[in-house]
Amino acid sequence: MAPTLIHVDPRKKPWEQQTPLHNRWHPDIPPVVTVAEGETFRVETVDWTGGQIKNDDSADDIKHVDLTQVHYLSGPIAVETAQPGDLLKVEILNLGPLEGDEWGFTGTFHKDNGGGFLTDHYPQATKACWDFEGVYCRSRHIPGVRFAGLIHPGLIGTAPSAELLAIWNEREKALVDEEGTPAQKTSCSYCHTRPLACLPNKSGAMLGKLGHFSDKMNMDTNWDRVASEAARTVPGRENGGNCDIKNLSRGCVLYLPVFVKGANLSMGDMHFSQGDGEVSFCGAIEMSGFLELKLSVIKGGMKLLPVVGPTPLHVNPIFEVGTSRAR
C-alpha cells in the first residue's frame, strides 16, 4: 500500500489534526510535505465541513453550518521539480472512504444560510445520512434505495501565483459590485444566497502552517495579510479547484497548471457519489476519504492547456476519463 503522507482523524476538529489543513487559496500558504516525481502516496481528507455534520436524524447541523470555514483541504503538497509554467500530471490510482468512517451525508441548505438553486421550492434544511457497503450505499432516511457510487474528489487544485490571485479578486469583486446591494442585505455566511461571487473573508479562515481563525496566540505574523487576500474555495478556477466532476475517479489523469514553485497541490471535499452538479449546494454524498496519487511534471507544459482569457494565466485544466464507467 502507498505510504500515507497526510493523515487525518475525522473525530478531531480541522485545527486539531496532526498535519495542518487549509480552506483558502493563496501562494503564501506553505507546503506541508514535499514529494518527488513518480512517487506514489496516499492523502487522507476530512469532509468538506470539517466534521460539522453528524450522523444523526436531525438537520439542525445543516441549517446552522458555518459556511465561512469550508472547504477543508489536505496539502499543499510540493513537487520537487515543479516550476511556474509547468504542467502537473496527477494520476488518481485509488480512492475511497476512510477506514472506520464509512458514512456520508447529503443536505439541502436552509434558505437563510446558503440556499440552493431550488430554494423557492425547498426552503428548509434537510439531511440524509448514508452507510457505505463496498461500492454501494444506502440511507435510513431514504428507505428502499441502494446504488453504486462513483467516488471522486470534489475539489483538487494547485496554488495560484500572486498575480493570478489578484486577477481572481479583481474579477470577482466586479461581479459582486455588479450584483449590487440586495445580496449584501442577506444573512448568508457562505457569501450570500445564490451569489455571483464570494470575496476573501478572514472569518473562518484556516491557512495551514500559518494558523487558523480561532488561535490568535499562534498565528503567523503574515496571517492577517494572507487571510484578507486569500481566495475562497467555492468556485472552480484556472487552478482547478472546486470542479465537482463526478467522473474524476479511479484511473483518471488530471493536468493542472503550475503557478508557483513546487505547484502546491491540495485536495478535499470527497464525494461517494454525485450527479451532474449540486443543485442543493450539498447535493453530493459528502464524506471523509483518501486518495492514492502519482505526480509527474511536464516541463513548460502549461502552454499545452487551452487559454480562455486575455493572458497565458487564463488556462483551462483538463482531465482524461479513467477506467470507472460513467453513471
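Author: A strand, as the word is used here, is a DSSP run of E with at least two residues, numbered from the N terminus. This is a predicted model. Asp 244 sits in the loop between strand S12 (240–242) and strand S13 (253–257).

Reader: What makes the phi of Asp 244 worth a mention?
Author: Its phi is positive, about 50 degrees, although Asp 244 is not a glycine.

Reader: Why is Asp 244 called buried?
Author: Buried means under 20% relative accessible area. Asp 244 has 17% relative accessibility, so it counts as buried.

Reader: Which phi does Asn 264 have, and where is this residue found?
Author: Asn 264 has a positive phi of about 55 degrees, and it is not a glycine either. Asn 264 is found in the loop between S13 and strand S14 (265–273).

Reader: How do you know whether Asn 264 is buried or exposed?
Author: Set its value against the cut-offs: under 20% is buried, over 50% is exposed. The relative accessible area of Asn 264 is 5%, so this residue is buried.

Reader: Now the peptide bonds. What is the omega between Val 70 and His 71?
Author: Omega is about -5 degrees there, and the bond joining Val 70 and His 71 is cis. His 71 belongs to the loop between helix H1 (60–63) and strand S4 (73–79).

Reader: And which kind of peptide bond joins Gly 75 and Pro 76?
Author: That one is cis too, with omega about 0 degrees. As for its setting, Pro 76 lies in strand S4.

Definitions and conventions. Residues numbered from 1 in each chain as written. Predicted model: local features only at pLDDT ≥ 70, side-chain atom pairs only at ≥ 80, totals over all residues. Heavy atoms only, no water. Helix = DSSP H or I, 4+ residues; strand = E, 2+ residues; numbered from the N terminus. Buried < 20%, exposed > 50% of the residue type's maximum accessible area, 1.4 Å probe, protein only.
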